[in-house]
Amino acid sequence: MITNYIKIAWKVLMRHPVYTFITLFGISLTLTVLMVLTSFLDHLLGPHYPETKRDRSLYIMQMALRDPAKQGQSSGPMSFRFLTDNVKSLKTPERATICTFVNSSNAYVGSQKIKLNTKFTDADFWRVMDFTFIDGKPYTEQNIANGDYVVVINDDLRNQYFGRGDESVVGKPIEIENIRYRVIGVVKGSPFTRPFSYADVYFPYTTPKSNYQESGIRGNYISIILAKKRADIPAVQAEFQQRMDQIPLPITYYGAKYTTLELNAETYTNNFLRPVLARNTGLRTILFGIIAFVLFMLLGLPTINLVNVNVSRIMERASEIGIRKAFGASVKTLVWQFIIENIFITFIGGVIALVLTGFVIHFINQSGWIAYADLTINLSVFLISLLVCLLFGFLSGVVPALRMSKLSIADALKA
Amino acid sequence: MIKLTNIEKVYRTSSIETLALNTINLHVAAGEFLSIMGPSGCGKSTLMNLMGLLDTPSNGTVEIAGRVVTQYRDKELAQLRNQQIGFIFQSFHLINDLSVLDNVEIPLLYRKGDPAGASRRVLAKEALEKVGLSNRMSHFPGQLSGGQKQRVAIARAIVGNPAIVLADEPTGNLDSVMGNEIMNILQQLNTDGSTIVMVTHDEAMARKTHRLVRLFDGSMVGDSVLRNERVVE
């Protein structure tokens with residue numbers, strides 16, 4: 001039966017090449033946009049180099065101190081000491097790293113300035129992240145304890161500062177902000193879309209300008225906790241929350257007293273969404289409104305367009321509908337026939353879209369718009385695309401099929 | 001086999017009401033070959049549609065193979081049509097995008113307990129052999145003559161072995177030679193046990209059936225037995 005439907009669908013496609021081109025163009029363009037978008041979201045949120053352990057990581061990025069009585073608030077990253085006391089000592093995780101977010105700095109090659117993104121980290125950073133060392137090795141607890149002026153740089157900076165070549169740069173000096181460091185390792189770079197790992201230069205936190213000795217609760221540091229396994233995440237969160245509940249209040253910071261402290265260990269996506277979603281303002285409505293609008297534009301409008309094309313195509317086949325009904329096809333069977341046909345056509349569009357997406361992704365990766373971009377069509381992107389194809393085919397097939405089912409057999413046969 | 005009781009069919013639009021059939025009482029016995037004649041617009045095709053469960057009456061009851069179908073829903077009507085009735089149309093109504101074999105298979109696709117693909121092929125080939133078209137199975141309707149198309153339509157009508165074959169002017173679009181060929185096939189089907197109801201404008205064709213019903217302006221105005229050879233229920 002399905003072979004029969006697909007045969008018909010193929011013949012119908014071949015019957016009107018212009019219609020077919022418009023239909024397939026609409027489907028494949030829409031699906032290409034969706035697939036590229038999915039791939040980009042996967043690039044942003046999925047566990048990719050060097051943050052391959054993201055699925056069992058928790059992020060502590062921003063603390064909020066509040067004083068509801070005076071409507072005062074102070075928010076931002078934490079001090080190194082606060083995180084050492086309250087995160088490093090947790091029992092349930094495998095380990096935790098403390099590092100800064102992204103800072104900026106400069107280096108010079110002759111008179112040419114190189115703008116640098118820098119990060120101060122502890123030694124556990126290299127265990128929580130999964131960097132590939134092209135040359136050398138990461139700094140250790142010993143380097144940190146010794147206060148060694150060592151750095152890990154990425155391959156892009158190596159090429160800019162030392163020039164391209166096979167020669168090892170480990171042990172060579174690099175001068176940043178008039179301070180001389182020794183290169184201890186070179187890593188394959190991480191894209192700037194992964195801000196927890198991205199930097200051109202990684203310093204041990206005991207090197208100058210790290211401000212790790214700040215005594216207050218707030219500072220420049222964030223933390224990433226690595227659970228032993230994904231299932232441990234709730235337990236780690238619970239232990240961290242318990243630790244937060246034990247912090248005595250009020251907290252005095254820069255002369256102001258704060259009666260509440262909000263700090264959460266969140267999964268990667270929630271870490272960014274929580275500040276928006278947790279607040280009882282119109283932001284949440286706006287966010288969902290934008291998402292709904294984008295989805296409607298991407299999926300809804302092409303679906304409506306396809307519905308219209310399909311309605312006219314199906315009505316053209318009134319005689320066939322009459323014949324099938326006369327020989328025993330029920331309305332339900334015919335509705336399924338048209339939905340299956342439509343899904344088949346959508347899948348052809350999906351295959352074209354997959355090829356187009358491959359080209360677009362290759363182009364984005366090679367263009368240099370995003371340094372170290374590694375967009376891919378991996379299994380999750382492919383499965384989501386497949387699901388979108390099914391949904392798209394189903395939605396655009398149901399309305400014409402229902403419309404067709406209302407045709408009386410006698411009228412259909414007269415058509 | 002087919003029993004129509006007090007059948008009325010009214011077509012309504014917002015301003016006009018047309019009585020297409022008026023108090024039709026007709027009983028077609030199993031094995032009978034009945035023809036329906038009448039001028040254009042007298043309700044022949046409407047009557048045929050009601051017998052074939054392609055339309056519903058405004059009043060009265062339709063009984064097919066002992067089952068009153070008044071309360072039947074779409075799915076049940078579809079199944080009854082599939083199991084009991086085969087249709088032959090004046091304009092053939094073949095699906096041009098499908099091969100002859102695929103066209104003939106159509107009724108089997110919707111059969112309850114859907115025969116497997118290979119069995120469907122065998123049954124469709126047998127039906128085409130019966131109408132002498134086994135050498136045109138992979139052709140498409142556009143590659144056939146009118147007579148050949150009608151033979152494909154007959155094969156499609158009989159492939160599911162229905163008890164009733166309804167033929168709406170089956171020779172209307174054919175020349176007399178082709179028309180006679182088709183009539184011979186229908187007579188053979190009747191001899192093999194099928195109940196056949198045929199709408200025709202051709203008196204000579206009607207004379208070859210067992211019984212002739214005449215319609216005029218939506219009413220039955222004649223019912224004559226032509227040859228007393230029918231198989232009685």
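Begin by selecting B:Val104, B:Ala155, B:Val165 and B:Leu166, the residues with the most contacts inside the largest nonpolar core, which has 84 residues. A nonpolar core is a set of buried Ala, Val, Leu, Ile, Met, Phe, Trp, Tyr and Cys residues joined through C-beta atoms within 7 Å. A residue is buried if 20 or more other C-beta atoms lie within 10 Å of its own, exposed if 12 or fewer, and partly exposed in between, with C-beta atoms placed from the backbone. A second, separate core of 59 residues includes A:Val150, A:Val152, A:Phe240 and A:Tyr268.

This is a predicted model, in which local features need pLDDT of at least 70 and side-chain atom pairs count only at pLDDT 80 or more, while totals for chains, interfaces and linings use all residues. Residues are numbered from 1 along each chain as its sequence is written, and chains are lettered from A and ligands numbered from 1 in the order in which they are written.

**The whole of chain B**

Next, display chain B alone. Its secondary structure comes to 7 helices and 10 strands; helices (H or I, at least four residues) and strands (E, at least two) are DSSP runs, numbered from the N terminus. Of its 233 residues, 48% count as buried. Among contacts in chain B between residues at least 6 apart in sequence, 68% join residues at least 24 apart. Two residues are in contact if their C-beta atoms, placed from the backbone, lie within 7 Å.

**The open sheet**

Now select the strands of the sheet. In chain B, 6 strands form an open sheet with mixed pairing, in the order S6-S7-S8-S3-S9-S10. Two strands pair if DSSP finds at least two bridges between them. S6 and strand S10 (219-225) of chain B stand at the edges with a single partner strand each, so one side of each has no neighbour in the sheet. From one strand to the next, the twist averages 15 degrees.

Within this sheet, colour S8(B). Since 5 of the 5 residues of S8(B) are buried, this strand is largely enclosed by the rest of the structure. B:Thr195, B:Val197 and B:Val199 point one way from S8(B), whereas B:Ile196 and B:Met198 point the other way.

Strand S7 (residues 164-168) of chain B pairs with S8(B) in the parallel sense over 5 bridges. B:Ile164 stands opposite B:Thr195, and B:Ala167 stands opposite B:Met198. Strand S3 (residues 33-37) of chain B also runs parallel to S8(B), joined by 4 bridges; here B:Ser35 is the bridge partner of B:Met198.

Move to B:Ser194, in the loop between helix H6 (176-191) and strand S8 (195-199) of chain B. Why does B:Ser194 count as buried? The reason is that B:Ser194 has 22 C-beta neighbours inside 10 Å. Leaving aside neighbours within four places in sequence, B:Ser194 is in contact with B:Ala163, B:Val165 and B:Leu189. Select B:Ala30 as well: B:Ser194 and B:Ala30 are 164 residues apart in sequence and 7.6 Å apart in space, C-alpha to C-alpha.

Then centre on B:Val165. Not counting residues up to four places away in sequence, B:Val165 touches B:Gly86, B:Ile88, B:Ala157, B:Ile158, B:Leu189, B:Ser194 and B:Ile196.

Select H5(B), which lies across S6 and S7 of chain B and runs at about 170 degrees to S6(B). Axes are lines fitted to C-alpha atoms, for helices over the stretch in contact, and angles run from 0 to 180 degrees between N-to-C directions.

H3(B) packs against helix H5 (residues 146-158) of chain B at an angle of about 35 degrees, with the axes 7 Å apart. At this contact, B:Val100, B:Asn103, B:Val104, B:Ile106 and B:Pro107 in H3(B) meet B:Val152, B:Ala155 and B:Arg156 in H5(B). These residues divide into 6 nonpolar, 1 polar and 1 charged. Ala, Val, Leu, Ile, Met, Phe, Trp, Tyr, Cys and Pro count as nonpolar, Asp, Glu, Lys and Arg as charged, and the others, Gly among them, as polar.

**The contact with chain A**

Finally, display both chains. Their contact takes 22 residues from chain B and 22 residues from chain A. On the side of chain B, the elements that give two or more residues are helix H2 (74-84), strand S6 (85-89) and helix H3 (100-109). H2(B) gives the most, with 6 residues. The residues on this side of chain B divide into 10 nonpolar, 4 polar and 8 charged.
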